[in-house]
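Please look through the structure shown here and read the report that follows beside it. The text takes up the ligands, then the aromatic rings, and then a single residue in a loop.

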Amino acid sequence: MLRVAVIPGDGIGVEVTREACRVLERVAALHGKSLRLISFDFGAERYLRDGVTLPQDALARFRSEFDAILLGAVGDPRVKDNRHALDILFGLRFGLDLYCNVRPVKLLDRRLTPLRDRTERDIQFTIFRENTEDLYVGIGATFKKGADDEVAIEESISTRKGVYRIIDAAFAYAAARGLEKVTMSDKSNALRHAGDLWTRSFEDVAQKYPDIAREHLYVDALALELVRDPSRFQVIVTANMFGDILTDLAAALQGGLGVAPSGNIHPGRLSMFEPVHGSAPPLAGRNVANPMGAILSAAMMLEHAGWAAEAAAVESAVRAAVEAGACTPDLGGALGTREVGEAVLGNLM
Ligand code: NAD
Ligand code: IPM
Ligand code: MN
């Protein structure tokens, strides 16, 4: 029995998660597996109604009663400071210590990439984004708010433990899949302190994996190389903020945010899966959002849970839908969210 806590969240998160859940239920039924999906209403509506963002007992409950979490997206224009979204998203990522933000970049069909003459073989790599440190920790302050000389401080932290474990996870992933190279990206030419820690940690971890080649690129150069020649990458490991930016760029290489999946993973522990995209308020409630990123995130969740055959079946069904042109407008198709979900369901084996 796989027990999944489902948080549809806000905006298109609700619509794409609905399709991902339908796919999960169908693939479980087809494969004779037992699955339980339980929904949680964390998001803007609830926050605006009763002030609750991530309920006090949520983490303990998730840890004891569930095997995985599936999230849609959080963010709503009515909540100007994004308070509820940060409480929920970071509450889960930090609270569950989900230090690996794993974002695979895989071109499902050559027609989806904006890069000329690139094929499926050229675009298949995975970004390991550190997910618990860096500029994201919320350490900082505002001083003299509203004055002409107002000051905003946002501090970035990097710890030996945090840097070492994300680099190690990237190498372990490469080793488990027989991949040849890990690329580490930082900005050690300008950010000396964090850069020095990343540089030494990379060297240390690499010693454990003598069969895997290592490469270093400054993050600005990496952004260029991802567009110029994505075929040279297999596994990329980087810090939280750089990883956030690079994974939107990388999503574009595979067809856009509508198809990009991700996992927030602590190996061996309760983990959370979500599309890379956000709640896309202008698309919300219009049945136009692409559900494929959410469906592929659900497939990552199945893979993580050890349901390899079911994960592969879901990915194949999405690929077949893309090949048949059963797509939403972001991919040049004319179908709605629900109809793409139907097409994927119809392709499941
Ligand atoms: P976004 O990802 O919601 O949208 C960026 C662009 O991609 C928009 O043009 C949008 O129309 C398009 N897009 C996104 N998902 C799509 C899909 N499934 N199908 C088709 N097109 C899609 O990012 P944003 O506009 O910067 O942010 C909107 C809100 O979402 C903000 O509140 C933001 O903080 C939040 N957000 C949340 C998450 C999350 O919950 N993990 C991630 C990113 C952004
Ligand atoms: C993502 C998102 C989040 C992040 C935002 C919504 C805080 O952009 O998951 O990539 O920066 O991590
Ligand atoms: Mn992002």
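A polar contact is a pair of N or O atoms within 3.5 Å; within protein, one atom must be able to donate a hydrogen and the other to accept it, and residues adjacent in sequence count only if both atoms are side-chain atoms. This is a predicted model, in which local features need pLDDT of at least 70 and side-chain atom pairs count only at pLDDT 80 or more, while totals for chains, interfaces and linings use all residues. Residues are numbered from 1 along each chain as its sequence is written, chains are lettered from A and ligands numbered from 1 in the order in which they are written, and side-chain values use heavy atoms, with hydrogens and water left out.

## The two ligands

Ligand 1 is surrounded by 19 residues, of which the closest are V74, E274, G278, A280 and N290; a residue is counted here if one of its heavy atoms lies within 4 Å of the ligand. This shell divides into 10 nonpolar, 7 polar and 2 charged residues, where Ala, Val, Leu, Ile, Met, Phe, Trp, Tyr, Cys and Pro count as nonpolar, Asp, Glu, Lys and Arg as charged, and the others, Gly among them, as polar.

Around ligand 2 stand L89, F90, R93, R103, R129, Y136 and D244.

| Ligand | Residue | Part of the residue | Distance |
|---|---|---|---|
| ligand 1 | V74 | backbone | 2.9 Å |
| ligand 1 | G278 | backbone | 2.7 Å |
| ligand 1 | S279 | backbone | 3.0 Å |
| ligand 2 | R93 | side chain | 2.7 Å |
| ligand 2 | Y136 | side chain | 2.6 Å |
| ligand 2 | D244 | side chain | 2.9 Å |

Taken alone, ligand 2 exposes 320 Å², and the protein buries 75% of that. Ligand 1 has 800 Å² of accessible area on its own, and the protein covers 64% of it. Accessible areas come from the Shrake-Rupley method with a 1.4 Å probe, and for residues only the protein chains shown count as cover.

## Aromatic rings

Rings of Phe, Tyr and Trp (its six-membered ring) pair if their centres lie within 6.5 Å, and planes under 30 degrees apart count as stacked, over 60 as edge-to-face and the rest as tilted. A search of the whole structure finds 11 aromatic pairs. Why is the pair of F90 and Y136 called edge-to-face? The ring centres of F90 and Y136 are 5.6 Å apart and their planes stand at 70°, so the pair is edge-to-face. Because F90 lies in helix 4 (residues 83-95) and Y136 in the loop between strand 5 (124-130) and strand 6 (140-143), the pair ties together parts that are 46 residues apart in sequence. Helices (H or I, at least four residues) and strands (E, at least two) are DSSP runs, numbered from the N terminus. Both F90 and Y136 are buried, a word that means under 20% relative accessible area, with exposed over 50% and partly exposed in between (1.4 Å probe, protein chains only).

F171 and F202 form a tilted pair, 5.7 Å from centre to centre and with 40° between the planes. This pair links helix 5 (residues 160-176), which holds F171, with helix 6 (residues 192-207), which holds F202, 31 residues apart. Both F171 and F202 are buried.

## A residue in a loop

D81 is found in the loop between strand 3 (68-73) and helix 4. D81 counts as exposed because its relative accessibility is 55%, and its side chain reaches the backbone nitrogen of R83 at 3.0 Å.
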